[in-house]
Amino acid sequence: MKMSIHRSRGSARRTARLGAALALAGAVLAACGDDDGGSSSNVDVKADEDCAARTQEARDAGELTEVKLQLQWVSQAQFAGYYAAVAKCYYVDEGLDVTIVEGGVDIVPQDVLAAGDVDYAISWVPKVLGSIEQGARITNVAQIYERSATTQISFKDKGITEPADLAGKNVGSWGYGNEWELFAGMQDADVTLDDITLVQQAFDMNAFLAGDIDAAQAMTYNEYAQVLETVNPETGELYTADDLNVIDWIETGSAMLQDAIWAQTEKLSDTAYADQTVAFIKASIEGWAFVRDNPEEAAQIVTDSGSQLGASHQLWMTNEVNKLLWPSTNGVGTIDEAAWKQTVDIALGTQNETGATIISKAPPETAYTNEYVEKALAALEEDGVDTIGADYTPIEVTLAEGGK
Amino acid sequence: MTTTWTRIRPVLLGALGVGLVVAVWDLYKAFGPEEGVRLGERTLILPRTTDLAMPHSWEMVQRFGEPVTSLAGSPTAFEAVWDAGLFSLGLATRGWVIGVVIGLLLALVMCRFRIAESAILPWVVLSQTVPLIAIAPLVRRWGSQIDLFGHVWTSEDSVAVIAAYLAFFPVAVGALRGLKSPARTHLDLMHAYGVGWWRTLLVLRLPASVPFLLPALRLGAASAVVGAVVAEVSIGLKGGLGRMVIDYAQSASGDPAKPWAPIFGAVAIGLVAAGAVGLIGLALRPFRVTGAFR
């Protein structure tokens, strides 16, 4: 119970120790202070020398308008076109200084856009429809992905070739708005949610490979490849496409529109923002045309921007994403009325496990417009950029183990 | 002889502890049932022992030496984790320092004014019931609207603030308890000497708080590391271990050892953070020894 305060004994030693501890803390702080200068939250896209010089020059001359683009997820080839447009100076040529803001687990792009923190955002249409009904004032100004990439895959021996076969199976889904195409497909085949066991799916395909999930959700450009990058313990070789059955929601008619460029509805009545939107769409599509013609270089640009995906996986993703855009029916970015209607109908009529639908009434007319993308496409045609890609052929990508 | 032994003993025991975990891991992997141990139909209580679910411990170590990707110039996993670890540790340190300063200030105010304690303490406790995933996007959004004397708010600042949000709590509570720990008789003695509040604080309360403060600081350091890593995941800041966990998780099927690399990295920076706080404890040892009476 004795408490004494020694002021004399060991005072010098104590001071020295305290000094050492403080110096250490200071060193750590200084070290992280240095970090600040080099990196920021925003993606640093490695532009080629010519473009880097041009960007700097235009910046110094004050010719550029700063524009922020919010992605739906972290840097990966899913967004290759925007990265290419930065790296190849397409945005700078349009007078735009574009900063790409990566997404995260808890970042909702449409919310960030509606709050006015960024100028444009990339998000899936069904996810945004819900936000619009809840009051977000944003507009789809370019439907970059014409086709949906969501599928439900299963091993051949499970015998799941169509949605009706899902009954009685363990069906995987990521949830969080990624489940609607699956639910719509099942509803069309009269499979209710009570007929299946819904399993929460993680970022990896381990549960699928281990057999806990019979039919797993898979994006053609990502999870499908993850399976093909894994060694089949029975053969000692990688799994092949022949081992898998794929339910493609495009074929079953329950596909929904995915990656689109969203803009702030109210600001579109401001001429400067409207013009900037046309310029932004134009340069973005030019970026996607570059990705179509140079998939290897595009994959490299994305990797240089800090994506940690393996090289073969990144190239696979680039190639598969290209297939979602090219060949384009009416020019990349054009919102097809029928596809929009299908998406809205599914959003109105498909119930999830709690009986809720995405939206309860048709979205307002401001939810999408082709006004800006049409201007952008016309300008691109004048510049001689092919926005249809009629003779586009995908490349062959060989996946390495682990996507390395 | 004895002194060498007492010095080596903790190191040996530490190594033995790690070795034991590794041994249990690999023994279970070697002899455990391939399909894991189940309770009833569905509940898996022990994991599968496949290479997918449980890579060999040496594979995980080996993975550190291999390049992250097959691209030319790709760093090894160790180099990548090292860089990311330093980055996250830097953010956690910033968060910890902010958290400690705020925590100490709050404790001082609460110690000085009883009414402040009644008013603030419930909020301090409440603050920790707000889930991190709820505040992370908010912090980023509010932060982006802040212009601090020309300092542009970055996502790094958001992560540091979130780390601070977790770190300040144990410090505030621990410091308050410590500041209030002197016995009534000692306070009365100070009072009898006619010593003012500040001087009492300096010569009595602060030294007395050390035994409470040290574990609080260490807890705060651990919280700051967790906060930094989770906040990185939450708001998608690149460069740190949190983001790396997400990125590498995608390889979990084809390259099962890879996702473990950033996890070990996070463990390592947690240890470094706790160890660094231990150094502060070393500096404050005299107070700790004489002050520990409860």
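Predicted model: local features only at pLDDT ≥ 70, side-chain atom pairs only at ≥ 80, totals over all residues.
Me: Why is helix 9 (residues 241–249) of chain B called largely enclosed?

Reply: Count the buried positions. A residue is buried if 20 or more other C-beta atoms lie within 10 Å of its own. Eight of the nine residues of helix 9 of chain B are buried, so the rest of the structure largely encloses this helix.

Me: Which residues of helix 9 of chain B are buried?

Reply: They are L241(B), G242(B), R243(B), M244(B), V245(B), I246(B), D247(B) and Y248(B).

Me: How much of chain B as a whole is buried?

Reply: Of its 294 residues, 41% are buried. Chain B has eleven helices and four strands. Its C-alpha atoms fill a box of roughly 70 × 60 × 45 Å along the principal axes. Take the contacts in chain B with a separation of 6 or more: 71% of them join residues 24 or more positions apart.

Me: What makes the domains of chain B, and how far apart are their C-alpha centres?

Reply: The domain assignment gives domain 1 as 2–54 and domain 2 as 77–291. Their C-alpha centres lie 31 Å apart.

Me: Now chain A. How is it divided?

Reply: Domain 1 takes 49–147 + 256–403, and domain 2 takes 150–252. The contact between them uses 20 residues from domain 1 of chain A and 18 from domain 2 of chain A. On the domain 1 side, helix 6 (125–133) and helix 13 (311–325) of chain A each supply at least two residues. Helix 13 of chain A gives the most, with five residues. By class, that side has nine nonpolar, six polar and five charged residues.

Me: Why do strand 2 (96–101) and strand 4 (138–142) of chain A stand at the edges of their sheet?

Reply: Read the order. This open sheet of five strands in chain A runs 2-1-3-10-4, with mixed pairing. Strands 2 and 4 of chain A each have a single partner strand, so one side of each is left without a neighbour in the sheet. Neighbouring strands are turned by 30° against each other on average, direction ignored.

Me: Why is the β-α-β crossover from strand 6 of chain A to strand 7 of chain A given its handedness?

Reply: Start with the strands. Strand 6 (residues 170–173) and strand 7 (residues 197–200) of chain A pair in the parallel sense over four bridges. S173(A) stands opposite Q200(A) in strand 7 of chain A. The chain passes from strand 6 through helix 7 (residues 180–188) to strand 7 of chain A. A crossover is right-handed if, with the strands pointing away from the viewer, the path over the helix runs clockwise. This crossover is right-handed.

Methods: Residues numbered from 1 in each chain as written. Chains lettered and ligands numbered in written order. Domains from an automatic or database assignment. Contact = placed C-beta atoms within 7 Å. Nonpolar A, V, L, I, M, F, W, Y, C, P; charged D, E, K, R; others polar. Pairing = 2+ DSSP bridges. Buried ≥ 20, exposed ≤ 12 C-beta atoms within 10 Å, placed from the backbone. Axes fitted to C-alpha atoms, helices over the stretch in contact; angles between N-to-C directions.
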